[in-house]
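Q: Can you take me through this one slowly? I am new to reading structures.

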Amino acid sequence: MLRLVFIKPTKGKVMRKLIFKDIQDLIIGSLGIVAFLSFFVGGVVSIQTALNIESPLIPKSLVGFATRQSVILEFAPTFMSIILAGKVGSFITSSIGTMRVTEQIDALEVMGINSVNYLVFPKIISMLLLPIVINFSMFLGILGGYAATIYGGLSSSADFIEGIQLDFRPYHVVYAFIKTLVFAMVLATIPSYHGYYMKGGALEVGKAATVAFVWTSVVIIVLNYFITQLLLA
Amino acid sequence: MITLNNITKSFDGTEVLKGISMAFEPGKTNLIIGQSGSGKTVLLKCLLGLHQIDSGKMHFNDQAFGEMDEEGRRTLRREMGMVFQGSALFDSMTVLENVMFPMQMLTDKNQAEIKSVAEAVIERVNLENANNKLPAELSGGMQKRVAIARAVVMKPKYLFCDEPNSGLDPKTAIVIDNLIREITQENNITTVINSHDMNSVMEIGDTILFLKDGVKAWEGSKDLIFNTDNEAVNDFVYSSNLMKKIKQVHT
């Protein structure tokens with residue numbers, strides 16, 4: 001299928017329109033849920049870290065440090081991608097699957113249009129903007145942690161800010177963006193595959209969306225392990 | 001003209017088409033009829049290249065479909081129009097956008113030109129007031145008319161229709177049948193229609209291919225089908241009480 005995505009491309013003008021539509025549906029449409037989840041999960045991470053520091057020897061700045069590390073290294077790139085596998089992935093599978101069931105894909109093929117390129121290529125290109133979403137998630141996750149720490153009286157603002165600046169390695173952000181780009185490819189292709197090659201009726205569209213979510217999550221988790229081993233170990 | 005020579009097609013070892021030979025002529029409405037499961041849809045999908053035939057030859061005018069590479073097939077498909085059983089309209093596009101779509105994708109015409117051609121075709125199928133409606137806002141008959149408009153907007157040489165009047169009331173079905181016949185004659189298109197509707201046979205059956213269990217059981221026209229001695233055809237044609245009654249009245 002990947003070969004078909006790149007051969008016999010759709011006309012540039014039409015493709016540009018499709019890409020902008022997919023950016024709207026897949027990227028901009030996900031910002032709300034990403035913002036909400038990131039802010040509150042960042043808050044929870046900092047509360048749990050603060051509540052588990054019992055020893056007076058451990059500095060309070062650890063709350064900011066732990067929040068930053070958890071959000072940048074794992075929560076934003078990996079777990080946000082898994083959450084998006086549910087939102088974006090099931091949207092991709094069900095929209096392409098519905099086109100398959102209602103013969104719209106056959107209609108494209110009969111017209112002599114490369115339906116794989118028409119449907120999947122714009123999704124791959126728009127998902128390349130996922131690092132922007134993840135960047136947004138990182139910022140709001142840390143902001144959520146800051147808000148929970150300060151308003152919960154768990155630590156001072158100065159301690160938290162000292163923590164998020166402590167031993168900061170820009171390479172960790174690069175690592176997070178590299179794996180986000182890999183996950184973006186997974187998020188665009190696996191759900192597209194399950195939608196494009198599905199068989200059956202409306203019920204099977206739902207089943208295909210579920211199967212796509214499961215496989216996308218599994219692949220993201222496995223790739224996360226190997227990428228981390230490769231880039232950080 | 002489309003000529004089929006000894007076409008076979010199997011799925012998982014079950015032979016669905018068993019040596020079909022036939023010629024579909026331009027300017028005529030060529031019907032493929034038969035019971036459900038007789039191989040009509042498979043034959044139509046083979047003609048469209050959506051299924052690969054196992055053996056035999058298919059010629060579109062002088063072009064042998066089997067000897068073409070994928071690029072050649074895509075080019076040939078641009079000379080084909082298809083009306084799907086469920087219309088297969090793009091549900092996120094309006095009527096006008098659906099009809100404009102093939103031209104936007106496959107021609108270099110400017111937007112104004114494309115729009116004016118699409119509006120003319122929509123007018124031809126009597127839907128001029130539905131330009132900005134979405135497919136979900138249309139009745140079944142209107143959706144079929146949009147599908148016909150989209151199929152003929154590129155002026156195809158070959159038009160394929162899969163059960164074009166399924167799910168429609170008899171009056172609307174006749175309107176759709178006549179529209180297809182008129183467009184076929186106006187543009188000298190080779191039209192192939194899958195149907196099991198005897199009303200369509202009576203209205204537009206210029207050439208009829210009757211399939212039974214994947215075999216060509218009979219070939220003729222609407223004038224001959226009601227007088228044939230072929231047992232399988234009679235069994236199919238006179239299966240409804242209405243047709244039995246008509247036969248009784250005539251005899």
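A: Here is a short chat about the two chains and how they meet.

A: The model is predicted, so local features need pLDDT of at least 70 and side-chain atom pairs count only at pLDDT 80 or more, while totals for chains, interfaces and linings use all residues. Residues are numbered from 1 along each chain as its sequence is written, chains are lettered from A and ligands numbered from 1 in the order in which they are written, and side-chain values use heavy atoms, with hydrogens and water left out.

Q: Ok. How many helices and strands are there in chain A?
A: Chain A has 10 helices and zero strands. Helices here are DSSP runs of H or I with at least four residues, and strands are runs of E with at least two, numbered from the N terminus.

Q: What box do its C-alpha atoms fill?
A: For chain A that box is roughly 70 × 35 × 30 Å, taken along the principal axes.

Q: Which salt bridge links distant parts of the chain?
A: Asp22(A) forms one with Lys123(A), with the closest N and O atoms 3.5 Å apart. Asp22(A) sits in helix H2 (residues 12–27) of chain A and Lys123(A) in helix H6 (residues 115–127) of chain A, 101 residues apart. A salt bridge means a side-chain nitrogen of Lys or Arg within 4 Å of a carboxyl oxygen of Asp or Glu. Over all chains the structure holds 13 of them.

Q: And aromatic pairs, how many over all chains?
A: The search of the whole structure gives 11. Take Phe36(A) and Phe40(A): their ring centres are 5.1 Å apart and their planes are at 50°, so this pair is tilted. The rule pairs rings of Phe, Tyr and Trp (its six-membered ring) with centres within 6.5 Å; planes under 30 degrees apart are stacked, over 60 edge-to-face, and the rest tilted.

Q: Why are Phe36(A) and Phe40(A) separated by about one helical turn?
A: Because they are four residues apart in helix H3 (residues 31–52) of chain A.

Q: Switching to chain B. What order do the strands of the open sheet take?
A: The four strands of chain B run in the order S2-S1-S4-S5, with antiparallel pairing. Strand S2 (14–24) and strand S5 (63–64) of chain B are the edges, each pairing on one side only. Two strands pair if DSSP finds at least two bridges between them.

Q: How many bridges join S1 to S2 there?
A: Eight bridges join strand S1 (residues 2–11) of chain B to S2(B). Among the partners, Ile2(B) is bridged to Phe24(B), and Leu4(B) stands opposite Met22(B).

Q: What about the hairpin between them?
A: The hairpin of S1(B) and S2(B) has two residues between the strands, and Asp12(B) takes a positive phi near 50°.

Q: Last topic: how many residues are in contact between the chains?
A: 26 residues of chain B are in contact (heavy atoms within 4.5 Å) with 19 residues of chain A.
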